[in-house]
Amino acid sequence: MPELPEVETTRRGIQPYVEGNTISKMVVRHRGLRWPVPEQLEAIVKDQRVTKVERRAKYLLFRCDKGTLILHLGMSGRLRVLDNDHNIGKHDHVDIYINNGHVLRFTDPRRFGAVLWTEADTDTHQLIAHLGPEPLADLFNADYLYQKAKGRSGNIKSFIMNGEIVVGVGNIYANEALFLAGIHPAKAAGKISKAKMAELVEAIKLVLNRALLAGGTTLRDFRKSDGKPGYFAQELNVYGRENEPCLRCQAPINCIRQAQRATYFCKQCQRR
DNA sequence: ACATTGACCTGGGAGC
DNA sequence: TGCTCCCAGGTCAATG
């Protein structure tokens with residue numbers, strides 16, 4: 001499910017139920033996520049107050065009294081607020097009980113997600129320390145991207161999906177942003193002009209902001225944290241539209257594979 | 001330093 | 001109906 005807008009939508013959805021409250025209990029039914037859920041986590045988080053619910057890249061960060069609970073939704077993860085703990089499903093791996101009667105439930109069929117704990121500054125955490133800027137921050141601009149791309153021969157699509165360059169640009173929005181900027185996804189990152197990079201930066205910010213406003217894209221199983229679907233899928237220009245007419249020029253949309261991921265683009269509108 | 005590939009998992013849909 | 005194959009929103013770790 002989750003690209004950055006979905007993760008941020010989830011954060012906003014759960015924040016009012018969690019922030020300022022205390023974790024009364026945690027139940028882990030399946031420790032085998034991307035990394036094992038730490039053995040002592042239930043005991044560690046019990047009775048800790050959550051002071052902030054933040055996000056860095058696609059990581060959700062629950063700032064607690066004694067450290068930070070780090071949660072990643074992976075490819076198929078979901079986090080919902082429930083009024084009770086009924087109807088436990090096969091993929092409901094972790095429940096976090098809040099002292100206001102709500103339960104945060106982490107569901108993840110593919111188990112690519114993660115639930116971890118750190119007592120160190122998260123900026124120095126192994127998984128977070130090397131991440132690039134947030135795409136919606138001012139730091140992410142044409143100068144930055146152009147400088148980073150200098151001398152790079154790899155394709156621009158993989159480049160913008162690289163979390164060390166910029167975080168939060170997943171497959172769907174990488175496709176959409178390149179279409180809006182009129183850049184061929186296979187073009188070498190280092191051969192793109194600064195002017196084009198400026199267009200790309202604006203396109204990335206635009207698609208992410210739009211999706212954020214819509215509450216995240218609905219594809220397969222995405223639901224906002226309250227269980228209602230998001231509704232951005234109908235605004236996609238190229239993603240998932242192989243052989244359908246380009247919405248700008250009517251030429252059929254192409255689909256190729258880059259780094260084992262599907263890339264959709266229009267040959268007419270996105271020149272090399 | 002950079003680029004590419006495999007790996008982690010399950011479920012759903014297409015095709016036979 | 002049921003089997004097999006392929007695909008899926010992420011991203012780390014290992015390899016050239």
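Ala 142, Asp 143, Leu 145, Tyr 146 and Ala 149 in helix H3 meet Lys 194, Met 197, Ala 198, Leu 200 and Val 201 in helix H6, where contact means heavy atoms within 4.5 Å. Sorted by class, this H3 and H6 contact has eight nonpolar, no polar and two charged residues. For the classes, Ala, Val, Leu, Ile, Met, Phe, Trp, Tyr, Cys and Pro count as nonpolar, Asp, Glu, Lys and Arg as charged, and the others, Gly among them, as polar. The model is a predicted one, in which local features need pLDDT of at least 70 and side-chain atom pairs count only at pLDDT 80 or more, while totals for chains, interfaces and linings use all residues. Residues are numbered from 1 along each chain as its sequence is written, chains are lettered from A and ligands numbered from 1 in the order in which they are written, and side-chain values use heavy atoms, with hydrogens and water left out.

Two packed helices are described by the angle between their axes and the distance between the axes. For H3 (residues 142–149) and H6 (residues 194–214), the axes come within 8 Å and cross at roughly 120 degrees. That makes H3 oblique to H6; angles under 35 degrees count as roughly parallel, over 145 as roughly antiparallel, 65 to 115 as roughly perpendicular and the rest as oblique. The axes are lines fitted to C-alpha atoms, for helices over the stretch in contact, and angles run from 0 to 180 degrees between N-to-C directions. The H3 and H6 crossing is right-handed, meaning that the near helix is turned clockwise from the far one by less than a right angle, with anticlockwise giving left-handed. As for the labels, helices (H or I, at least four residues) and strands (E, at least two) are DSSP runs, numbered from the N terminus.

H6 has other helix partners too. The axes of H5 (residues 171–181) and H6 come within 8 Å, with a crossing of roughly 130 degrees. H5 and H6 are therefore oblique to each other, and H5 passes H6 in a right-handed crossing. On the H5 side, the contact includes Tyr 173, Glu 176 and Leu 180, and on the H6 side Lys 196, Leu 200 and Ala 211 are among the residues. By class, the H5 contact with H6 has 12 nonpolar, no polar and three charged residues.

Then there is H1. Its axis and that of H6 come within 9 Å and cross at roughly 35 degrees, and H1 passes H6 in a right-handed crossing. Pro 5, Glu 8, Thr 9 and Arg 12 of H1 make the contact with Leu 208, Ala 211 and Leu 212 of H6. That contact has four nonpolar, one polar and two charged residues by class.

On to the sheets. One open sheet is built from four strands in the order S2-S3-S4-S8, with antiparallel pairing; two strands pair if DSSP finds at least two bridges between them. Strand S2 (50–56) and strand S8 (114–118) stand at the edges with a single partner strand each, so one side of each is left without a neighbour in the sheet. From one strand to the next, the twist averages 20 degrees. Within this sheet, five bridges join the antiparallel strands S3 (residues 59–64) and S4 (residues 68–72), and Phe 62 stands opposite Leu 69 in S4. Helix H1 (residues 4–18) packs on the sheet, touching S2 and S3, and its direction makes about 175 degrees with that of S2.

Another open sheet of four strands has the order S1-S6-S7-S5, again with antiparallel pairing. Strand S1 (23–28) and strand S5 (78–82) are at the edges and have a single partner strand each, so one side of each lacks a neighbour in the sheet. Here the twist averages 15 degrees from one strand to the next. Strand S6 (residues 92–98) pairs with strand S7 (residues 103–107) in the antiparallel sense over five bridges, and Asp 95 stands opposite Arg 105 in S7. H1 lies across S5, S6 and S7, running at about 35 degrees to S5.

Finally, the record. UniProt (unreviewed entry) places a "binding site" feature at His 91, Arg 110 and Arg 152. These span 62 residues in sequence, and the farthest two C-alpha atoms are 40.9 Å apart, so they do not all gather at one spot. His 91 is in the loop between S5 and S6. UniProt positions are given in the numbering used here, feature names are shortened, and annotations may be inferred rather than shown by experiment.
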